[in-house]
Amino acid sequence: MRKIDTFSAHSLKILDKNLDEFKNKFIYNLALFKKDPRATLGQKFHSLICYFINDFDVSNVIKELDEKEQIIWKNLENILKDKKSNFIHTEYPFLIKDILNGWNYYLTGRYDAIYKEDDEYIIYDWKTLNLPKNPEDDLQSVVYLYCASKIFNSEKIKMRYLSIEKLDFIDVEFVGAQKYKNRIDEIILKLKDCD
């Protein structure tokens, strides 16, 4: 069996839920991918937001949006335009090395955007589907906040899930690196019997 040492929030969610599904998808590469049309919408808006925040000309991209998407964009643009100068990164990839019982593992992901105001970092995550029901316990929050605390060497961090269509948002305040690490390690330990 192929050893795995790199985990995303998504792979940890699957591992936490079902060890066999995790092994099939991430160890044996047996996953079947279903294309969700909402994923296409999400990709389109992720790119558009990134270009807009980074001051690229987005006029040609906006012309390609259908009528409903243009309304969504106009509302979103109104929220983002006054905040643009505080975004310090968009589509920011990370790879954080950690250790569990003498074994090195890595946490990986990509922040949609990082916003900084005074000395607080806000990790933005654009959502086209629903906002998380229990965002404080969601593994994306756990992994992203934990890794951000390592990257920025700070605990003045929060995660903001923003619904692209509804313009609702939920903030998750940082509660402690050790709490997050314990949760991540607890899930990774489910692999200990997979030899």
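Trainee: Is C50 buried or exposed?
Mentor: This is a predicted model, in which local features need pLDDT of at least 70, side-chain atom pairs count only at pLDDT 80 or more, and totals for chains, interfaces and linings use all residues. Residues are numbered from 1 along each chain as its sequence is written, and side-chain values use heavy atoms, with hydrogens and water left out. Buried means under 20% relative accessible area, exposed over 50%, partly exposed in between (1.4 Å probe, protein chains only). The relative accessible area of C50 is 13%, so C50 is buried.

Trainee: What is the relative accessibility of C147?
Mentor: C147 belongs to the buried residues of α6. C147 counts as buried because its relative accessibility is 0%.

Trainee: How many disulfides does a search of the whole structure find?
Mentor: A disulfide is a pair of cysteine sulfur atoms within 2.5 Å. The search of the whole structure gives a count of 0.

Trainee: How far apart are the end C-alpha atoms of α6?
Mentor: Helices (H or I, at least four residues) and strands (E, at least two) are DSSP runs, numbered from the N terminus. The expected span of a helix is 1.5 Å times one less than its number of residues. Helix α6 (residues 139-152) has 14 residues, so it should span 20 Å. The end C-alpha atoms agree with this, at 20 Å.

Trainee: Which residue just after α6 takes a positive phi?
Mentor: Look just past the end of the helix. The phi there is about 50 degrees, and the residue is N153.

Trainee: Which residue does R183 meet in a salt bridge?
Mentor: A salt bridge is a side-chain nitrogen of Lys or Arg within 4 Å of a carboxyl oxygen of Asp or Glu. The N to O distance here is 2.7 Å, and the partner of R183 is D16. The pair links distant parts of the chain, 167 residues apart: R183 in helix α7 (residues 177-188), and in helix α1 (residues 9-17), D16.

Trainee: Which residues are linked with D16 in a network of salt bridges?
Mentor: D16 also meets K190 in a salt bridge, at 2.9 Å, N to O. K190 lies in the segment after α7 and D16 in helix α1, so this pair ties together parts 174 residues apart in sequence. The residues linked with D16 in the network are R183, E186 and K190.
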